[in-house]
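Visitor: Hi, I'm new to this one. Can you walk me through it?

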Amino acid sequence: MGQKINPLGFRLGTTQSHHSIWFAQPKKYSEGLEEDKKIRDCIKNYVQKNIRISSGMEGIARIEIQKRIDLIQIIIYMGFPKLLIEDKPRRVEELQMNVQKELNCVNRKLNIAITRISNPYGHPNILAEFIAGQLKNRVSFRKAMKKAIELTEQANTKGIQVQIAGRIDGKEIARVEWIREGRVPLQTIEAKIDYCAYTVRTIYGVLGIKIWIFVDEE
């Protein structure tokens, strides 16, 4: 029996750290979690609406949230930050206003910082967005997968596995297709593995993209 587990949760505390850092009493925990989701959705929606690269990618790798009593610090890791930074002060301020409105946090300060990632295509979220864009443009799924793997090879990763599930190419029956290049040791806790699951809406229905990237061994 293959018992699948999320590779990030599996490695928490060894090679993986939390994307949200805050403390709450058990009764207040769900509120904090909901708040995090609102913040992340709000940022993604803003970036989606206001920024369009030619390939239709947002380029957000991950959003880290740190909460203190009187401050919420948000760090956005982007592969192509110049999209947000072109007229930086205005864009970031507008984004800050949007998030504040969404949370209606009166007694807490909000601080948003943008950090650039050196190898955007070595990050599964950005790769998944790239594949999603290709699939929406009716590129064959094998071509999209191979192109994604070529892009990661430039980012010096040790291995990658890409999986697409659903009605691929509009076929009647849903199926799962995957491709692997290099090593992806999912059982080894010491191995640093980056993972993401991404859904893409096509005219045939929803496809699920999963990407595992083996970064390096500790």
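Guide: Let's begin with a term: a salt bridge is a side-chain nitrogen of Lys or Arg within 4 Å of a carboxyl oxygen of Asp or Glu. Here Glu 35, Asp 36, Lys 67 and Arg 108 are linked in a network of salt bridges. A word on the source: this is a predicted model, where local features need pLDDT of at least 70, side-chain atom pairs count only at pLDDT 80 or more, and totals for chains, interfaces and linings use all residues. Residues are numbered from 1 along each chain as its sequence is written, and side-chain values use heavy atoms, with hydrogens and water left out.

Visitor: How many salt bridges does a search of the whole structure find?

Guide: The search turns up 7 salt bridges. In one of them, Asp 36 pairs with Lys 67, with the closest N and O atoms 2.9 Å apart. That pair links distant parts of the chain, since Asp 36 is in helix α2 and Lys 67 in strand β2, 31 residues apart. Helices (H or I, at least four residues) and strands (E, at least two) are DSSP runs, numbered from the N terminus.

Visitor: Is Lys 67 buried or exposed?

Guide: Lys 67 is buried, with a relative accessible area of 14%. Buried means under 20% relative accessible area, exposed over 50%, and partly exposed in between (1.4 Å probe, protein chains only). Asp 36 is buried too.

Visitor: And what does Lys 67 touch?

Guide: Among the residues it touches are Ile 21, Trp 22, Ile 72 and Arg 108, leaving out residues up to four places away in sequence. Contact here means heavy atoms within 4.5 Å.

Visitor: OK, switching to the helix. How many residues has α2?

Guide: Helix α2 (residues 29–50) has 22 residues. Its buried residues include Gly 32, Ile 39 and Tyr 46. Seen down the axis of α2, the buried residues fall within an arc of 155 degrees, so they line one face of the helix. The arc is that of the directions from the helix axis to the C-beta atoms.

Visitor: Which residues are exposed on the other side of α2?

Guide: Glu 34, Lys 37 and Lys 49. Lys 37 also meets Asp 41 in a salt bridge (3.0 Å, N to O). Both lie in α2, 4 residues apart, about one turn of the helix.

Terms used: The expected span of a helix is 1.5 Å times one less than its number of residues.
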